Amino acid sequence: MSVAFIKEESAETASETLLPDRPVSPHPNLVTETGLKALELHLQQAREAFDATSTIEDVNERRRQSAGPLRELRYFAERVRTAQLVPDPASFDVVAFGSTVTFSRDDGRVQKYRIVGEDEADPKAGSISYVSPVARVLMGKSVGNVASVGDQELEILAIS
């Protein structure tokens with residue numbers, strides 16, 4: 001819509017309220033059941049935040065206040081729409097999407113991560129994305145196997 005048809009201070013003000021879309025990964029949007037629920041919750045929260053801006057009377061302020069929630073709403077709507085629910089692994093023989101894998105590094109550190117979708121990955125909370133370098137080299141491997149990431153070797157100690 002042309003700015004000429006909008007009650008707006010200027011075209012510059014209008015452009016300030018348009019935020020670019022959040023980048024969407026080119027990888028398949030694989031999710032665990034927990035990840036899908038989290039995406040749906042984020043979508044609901046974005047919708048509520050956007051709806052809350054509708055009560056702002058000043059059109060310019062409403063646009064400014066709704067820009068962030070609208071951007072989040074678009075992102076999470078797309079992520080929920082494209083989500084591919086992957087059931088938990090039926091076996092713990094090999095590392096797969098949804099597995100929790102414990103491995104040791106060359107420097108003696110032992111780490112434990114669950115392999116999940118991109119939006120639900122949180123390394124500090126013990127989950128990594130299935131497209132991360134570590135997850136990609138561990139997928140398909142069994143307990144006792146060694147995988148290399150850069151100049152590090154990872155030995156799989158347990159899969160659950």
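This is a predicted model: local features need pLDDT of at least 70, side-chain atom pairs count only at pLDDT 80 or more; totals for chains, interfaces and linings use all residues.

Q: In which sense do β6 and β7 pair, and over how many bridges?

A: Strands of a sheet pair through backbone hydrogen bonds, and the pairing may be parallel or antiparallel. Here β6 and β7, the latter spanning residues 152–159, pair in the antiparallel sense over 4 bridges.

Q: In what order do the strands of the sheet follow one another?

A: The order is β5-β4-β3-β7-β6, an open sheet of 5 strands with mixed pairing. At its edges stand β5 and β6 (146–149); each has a single partner strand, so one side of each lacks a neighbour in the sheet. With direction ignored, neighbouring strands of this sheet are turned against each other by 45° on average.

Q: Is Thr-102 buried or exposed, and which residues is Thr-102 in contact with?

A: Thr-102 belongs to strand β3. Its relative accessibility is 15%, and Thr-102 counts as buried because the limit for that class is under 20%. When neighbours within four places in sequence are left aside, the contacts of Thr-102 include Val-110, Gln-111 and Lys-112, as well as Glu-155, Ile-156, Leu-157 and Ala-158. For Leu-157, which is 55 residues from Thr-102 along the chain, the C-alpha atoms of the two are separated by 5.4 Å.

Q: How many salt bridges does the structure hold?

A: Side chains of opposite charge can pair when their charged atoms come close. The structure holds 8 salt bridges. One of them joins Arg-74 and Asp-21, with the closest N and O atoms 2.5 Å apart. This pair links distant parts of the chain, 53 residues apart: Arg-74 is in helix α3 (residues 59–82), and Asp-21 is in the loop between α1 (11–16) and β1 (30–31). Arg-74 is partly exposed, at a relative accessible area of 34%, whereas Asp-21 is exposed, at 52%.

Q: Which residue forms a salt bridge with Glu-72?

A: Arg-22 does, the closest N and O atoms being 2.8 Å apart.

Q: Where do Asp-119 and Arg-79 lie, and is Arg-79 buried or exposed?

A: The side chains of these two residues, Asp-119 and Arg-79, meet in a salt bridge of 2.6 Å, N to O. Asp-119 lies in the loop between β4 (110–116) and β5 (127–129), and Arg-79 lies in helix α3, 40 residues apart. Arg-79 counts as buried, at 2% relative accessibility, while Asp-119 is partly exposed, with a relative accessible area of 31%.

Q: How many aromatic pairs are there, and what is the geometry of the pair Phe-97 and Tyr-130?

A: The count comes to 3 aromatic pairs. Phe-97 and Tyr-130 form an edge-to-face pair, 5.7 Å centre to centre with 75° between the planes. Phe-97 is in the loop between β2 (84–85) and β3 (100–105), and Tyr-130 is in the loop between β5 and α4 (133–138), so the pair ties together parts 33 residues apart in sequence. Both Phe-97 and Tyr-130 are buried.

Technical notes:
Residues are numbered from 1 along each chain as its sequence is written. Side-chain values use heavy atoms; hydrogens and water are left out. A salt bridge is a side-chain nitrogen of Lys or Arg within 4 Å of a carboxyl oxygen of Asp or Glu. Helices (H or I, at least four residues) and strands (E, at least two) are DSSP runs, numbered from the N terminus. Buried means under 20% relative accessible area, exposed over 50%, partly exposed in between (1.4 Å probe, protein chains only). Rings of Phe, Tyr and Trp (its six-membered ring) pair if their centres lie within 6.5 Å; planes under 30 degrees apart count as stacked, over 60 as edge-to-face and the rest as tilted. Contact means heavy atoms within 4.5 Å. Two strands pair if DSSP finds at least two bridges between them. Axes are lines fitted to C-alpha atoms, for helices over the stretch in contact, and angles run from 0 to 180 degrees between N-to-C directions.
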